[in-house]
Amino acid sequence: MYPIILQIGSFAIRSYGLMAALGFLAASYLLDRNRNYANLTKDQSGTLLILALISGLLGARIFYVTQFFYEKGFADDPITIFYIHRGGLVFYGGFILAFITVVLYSWKKHLDIIRVLDVFVPALTAAHGFGRIGCFLNGCCYGAATTSWWGVTAPKGSYLWFDTFGLPVHPVQLLEAGENFLLCILFCWLLKKVKRGVVISCYLIVYGVLRCFNETLRGDNDLFWKLTPAQWIGILLITSGTAMLCFFLRHEKKSA
């Protein structure tokens, strides 16, 4: 909607970048606050956060470029692949690569992988919430047309206005931002009250369900076998999270 917050001459502060920076700060604070649960030192939590950030951005961009290689003109102008400041990230791509990176680092440093994943959940949901606000301001990841009272219309003449034919659309980005902030509060509270592995398992289940629903409100994704790619991944998360939750509830002792 408003991709540039402030511009002075050639200098511009982009809304997506600003929200990403706020998300990083929030994630850094939460990870540092909860790191003792996983016996992480301050240096280890900082290193993990930086590695997760880099791998997350890389994975999210690779997934986006692969999915929209021809639609967004990357085939005609390959240099735009590196214009990450304009937006164009897919959460699941970033989540998958960051997840792998965190697991590999934890394994190499002989950390408790499951506990590390648990403490990452509140940080992840906070960062994701700010990221979705950035999506709203940037005009990407938009919803389908709606006549509902909560529909929003892009500024006339913007590329989103042309994409949506000037019709009101579901503010699905703000919906997902709110969901993530609520999940952040919930998992911060649950982290030290439940068994090891329950937090990451519940996150996979709950976010998978929410994403499958949110996709029904989206207006920018193609269907693949009657579902969007994100819905298929959401189903995989729900299945994996359910199996993990059953295992941890059965075999783990409650956290101290």
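These are my notebook entries on one predicted model.

**Entry 1. Ground rules.** I worked on a predicted model, in which local features need pLDDT of at least 70 and side-chain atom pairs count only at pLDDT 80 or more, while totals for chains, interfaces and linings use all residues. I number residues from 1 along each chain as its sequence is written, and side-chain values use heavy atoms, with hydrogens and water left out.

**Entry 2. Overall fold.** I looked up the elements and found eight helices and two strands. Helices (H or I, at least four residues) and strands (E, at least two) are DSSP runs, numbered from the N terminus. Their order from the N terminus is β-β-α-α-α-α-α-α-α-α. The radius of gyration is 19 Å, close to the 18 Å of the globule rule for 256 residues, so the chain is as compact as a globular protein of that length. That radius is taken over C-alpha atoms, and the rule is 2.2 Å times the number of residues to the power 0.38. The C-alpha trace spans about 55 × 40 × 35 Å along its principal axes.

Entry 3. Buried means under 20% relative accessible area, exposed over 50%, and partly exposed in between (1.4 Å probe, protein chains only). The chain exposes about 13,500 Å², of which carbon and sulfur atoms supply 69%. Accessible areas come from the Shrake-Rupley method with a 1.4 Å probe, and for residues only the protein chains shown count as cover. Among contacts with a separation of 6 or more, 71% join residues 24 or more positions apart; a contact means heavy atoms within 4.5 Å.

Entry 4. I found β1 and β2 paired in the antiparallel sense over four bridges. Pairing requires at least two DSSP bridges between two strands. Gln7 has Ala12 in β2 as its bridge partner. Two residues lie between the strands of this hairpin, and Gly9 takes a positive phi near 65° there.

**Entry 5. A nonpolar surface patch.** I listed Ile5, Leu6, Ile8, Phe11, Ile13, Leu18, Leu22 and Leu25 as a nonpolar patch on the surface, with about 710 Å² of accessible area together. β1 (4-8), β2 (11-14) and α1 (15-34) each give two or more residues to the patch. Patch members have over 30% relative accessible area and no salt bridge; like charges are joined within 9 Å and nonpolar side chains (Val, Leu, Ile, Met, Phe, Trp, Tyr) within 5 Å. A salt bridge is a side-chain nitrogen of Lys or Arg within 4 Å of a carboxyl oxygen of Asp or Glu. I checked Leu22, which sits in helix α1 and is partly exposed at 33% relative accessible area.

Entry 6. Most residues other than glycine have a negative phi. Asn39 lies in the loop between α1 and α2 (42-67) and is exposed at 63%. Cys141 also has a positive phi of about 55°; it is in the loop between α4 and α5 but is buried at 10%.

**Entry 7. Two further positions.** Asn180, in helix α6 (residues 172-190), is buried at 1%. Beyond residues up to four places away in sequence, Asn180 touches Thr125, His128, Gly129 and Tyr207. Gly151 lies between α4 (113-138) and α5 (159-163) in a loop and is partly exposed at 23%. Its C-alpha atom is separated by 4.9 Å from that of Pro168, 17 residues apart along the chain. Apart from neighbours within four places, Gly151 is in contact with Thr146, Pro168 and Val169.
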